[in-house]
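Dear colleague,

Please find below the structure that I am handing over to you. My notes on what was found in it follow directly after.

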Amino acid sequence: MCGIVGLFAKSPQVERDLGLHLSKMLVSMSDRGPDSAGIAIYAKPIAMKTKITVQSQSPEVEFPKLKKFISTKKEVSCSLDTNSSHAVITLDVKQKKLVTELISDAFPNLRILSVGKKMEIYKEVGKPNDVIERFEIDKMKGSHGIGHTRMATESAVTTLGAHPFSTGEDQCLVHNGSLSNHNSLRRELIRKDMTFETENDSEVAASFITYRMNGGQTLKEALESSLVELDGFFTFLVGTENGFGVLRDPIACKPAVLAETSDYVAFGSEYRALTSLPYIERAKIWEPEPATVYFWGH
Amino acid sequence: MGILDINKLSLREINNTLQGSDDNSSFSIKNPKGAHALAVGINKNINVKVLGSVGYYCAGMNKFSDIKIEGSAGPGLGENMMSGNIHVTGDVSQYAGASGHGGSILVEGNASSRCGISMKGIDIIIKGNVGHMSAFMAQKGNLVIFGNAGHALGDSIYEANIYVAGEVASLGTDCIEKKMTKKHRSNLENILSNADVSDYYLDNFKRFGSARSLYNFNVDNAKIY
């Protein structure tokens with residue numbers, strides 16, 4: 001089943017309360033998927049800086065080591081903010097490649113969840129409420145964000161199997177549905193040097209979009225290609241540096257509701273996900289059309 | 001009139017109250033906030049008004065009762081309805097009125113995909129548009145669409161009338177346009193008058209139904225086996 005939510009702020013008030021709104025939306029979708037939950041939040045960027053979000057299975061051991069490691073590397077300047085099993089490394093945008101390689105070599109057990117100027121991804125096994133409390137997502141601010149609560153069907157309940165999946169810098173995807181050709185598509189993408197960390201079908205969708213965008217397609221074109229190449233049922237919500245996009249497969253049996261006011265655009269698997277939003281009773285509410293790409297950007 | 005507030009009562013308490021009420025009683029349901037399975041399985045001649053939008057499977061298996069939703073409804077509105085009336089002032093999501101045997105559903109807004117799938121005698125009136133695969137495998141009843149219909153309208157239809165005033169994106173297999181006879185004009189007038197709908201122009205409607213070519217096995221296909 002799975003539940004997905006998204007919120008795109010058009011006003012400073014909604015930006016300030018973005019984490020709180022998204023948290024309420026995600027918690028309302030708990031009974032659509034109690035296995036694991038996650039959120040991607042797009043915070044204010046810092047000039048000339050970028051961020052790497054990492055996750056550790058043993059943060060109490062690895063994060064102090066990581067902090068020490070970073071401080072001893074005189075050639076890089078970065079800071080580390082830990083948040084439970086996740087940590088955000090803020091670094092000079094020019095040193096992105098160098099830092100990523102240093103960390104990957106020295107800490108092979110550390111998982112890099114996202115890279116980007118704005119995006120941070122937090123995801124763990126557990127119910128939405130547990131995950132939100134763990135990372136204090138309700139206190140976060142941002143211009144937009146997307147969230148997911150998972151009912152695992154085709155792969156294991158693990159942190160890496162949780163959504164969102166990063167699809168490239170400042171890009172991520174959450175998925176409600178199931179893809180039937182993900183194994184053959186994964187093999188095809190591996191031959192094209194894409195790498196995978198899970199057996200999850202949604203990771204294949206994320207990787208497919210990344211691959212197409214690396215090849216020069218726009219997000220809209222990449223999403224339209226997925227209508228041709230992906231076989232199965234899906235509602236995708238895709239976060240980018242500037243906004244989010246929505247796409248449903250042509251059969252469109254996976255639910256989706258959109259709401260728009262002068263203050264925000266909101267997405268929910270169900271109307272229930274939207275009821276806590278301010279002035280929802282005055283919002284324009286509709287069901288997105290099948291096989292149609294929607295996008296809102298700042 | 002009984003007032004049932006979802007902020008104060010559980011879904012089960014509300015549905016038990018409705019199902020156990022006396023004929024001719026009336027209820028208002030407050031704060032539905034997209035709740036699932038509201039007012040299902042009612043087998044009494046009662047009046048229910050829902051003050052807001054509802055989620056999945058509202059008014060499923062309805063028999064005898066009149067249910068008005070002042071808002072929109074999620075997937076599966078009035079599934080397998082037997083009789084009574086459902087009136088939605090907003091939009092409805094997927095498969096509204098699926099496999100309905102009788103009674104009527106009036107939607108003032110749009111309906112999404114698979115509206116009236118496998119309908120078996122129900123009348124469904126949509127004042128707006130309907131999505132793809134509506135009236136799929138419809139067996140009996142009437143689907144009246146004031147707006148446009150999505151792709152594959154009436155796919156594999158057995159028997160049922162589909163009346164459309166707007167455009168049809170495409171017809172499904174074995175669904176064809178049929179002549180709007182005197183009998184069908186009066187049938188449509190009756191359906192709309194029963195639902196208290198008067199703002200329409202009869203000449204705008206076209207009728208679609210079964211070509212009946214899937215009724216029997218085509219011997220030319222025998223060589224496939």
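I begin with Q57(A), which sits in the loop that links β3 (49-55) and α3 (59-72) of chain A. Q57(A) counts as exposed because it has 12 C-beta neighbours inside 10 Å. On the scale used, a residue is buried if 20 or more other C-beta atoms lie within 10 Å of its own, exposed if 12 or fewer, and partly exposed in between, with C-beta atoms placed from the backbone. Although 52 residues separate Q57(A) from N109(A) in sequence, their C-alpha atoms are 8.0 Å apart in space.

Please note that this is a predicted model, in which local features need pLDDT of at least 70 and side-chain atom pairs count only at pLDDT 80 or more, while totals for chains, interfaces and linings use all residues. Residues are numbered from 1 along each chain as its sequence is written, and chains are lettered from A and ligands numbered from 1 in the order in which they are written.

Chain A

Chain A is divided into domain 1 (3-44 + 126-297) and domain 2 (46-117), with bounds that come from an automatic or database domain assignment. The C-alpha centres of these two domains of chain A are 25 Å apart. Their contact draws on 9 residues of domain 1 and 10 residues of domain 2 of chain A; two residues are in contact if their C-beta atoms, placed from the backbone, lie within 7 Å. On the side of domain 1 of chain A that touches domain 2 of chain A, the residues comprise 3 nonpolar, 2 polar and 4 charged. In this classification Ala, Val, Leu, Ile, Met, Phe, Trp, Tyr, Cys and Pro count as nonpolar, Asp, Glu, Lys and Arg as charged, and the others, Gly among them, as polar.

Helix α6 (residues 182-191) of chain A has H182(A), L185(A) and R186(A) as its buried residues. These cover an arc of only 105 degrees around the axis and therefore lie on the same side of α6(A); the arc is that of the directions from the helix axis to the C-beta atoms. The buried residues of α6(A) pack against β10 (171-179), α7 (201-214) and α8 (219-229) of chain A. On the face of α6(A) turned away from the buried side are the exposed residues S184(A), R187(A) and R191(A). After α6(A) comes D193(A), with a positive phi near 70 degrees.

Chain A also contains a cis peptide bond, between H163(A) and P164(A), with omega about 0 degrees. P164(A) belongs to the loop between β8 (144-150) and β9 (165-168) of chain A.

Chain B

Chain B has 2 helices and 11 strands, in the order β-α-β-β-β-β-β-β-β-β-β-α-β along the sequence. The C-alpha trace of chain B spans about 65 × 45 × 25 Å along its principal axes. Of its 225 residues, 47% count as buried.

Strand β3 (residues 47-51) of chain B presents V48(B) and V50(B) on its covered face, and N47(B), K49(B) and L51(B) on the uncovered one. Strand β2 (residues 26-30) of chain B runs parallel to β3(B) and is joined to it by 5 bridges; strands pair if DSSP finds at least two bridges between them. Within β3(B), V48(B) stands opposite F27(B). Strand β4 (residues 66-69) of chain B is also parallel to β3(B), with 4 bridges, and K68(B) in β4(B) is the bridge partner of K49(B).

The loop between β2 and β3 of chain B holds N31(B), a non-glycine residue with a positive phi of about 55 degrees. N31(B) counts as partly exposed because it has 15 C-beta neighbours inside 10 Å. K33(B) lies in the loop between β2 and β3 of chain B, and its phi is positive, near 45 degrees, although it is not a glycine. With 19 C-beta neighbours inside 10 Å, K33(B) counts as partly exposed.

The contact between the chains

The contact takes 10 residues from chain A and 12 residues from chain B. On the side of chain B that touches chain A, the residues are 1 nonpolar, 10 polar and 1 charged.

With kind regards
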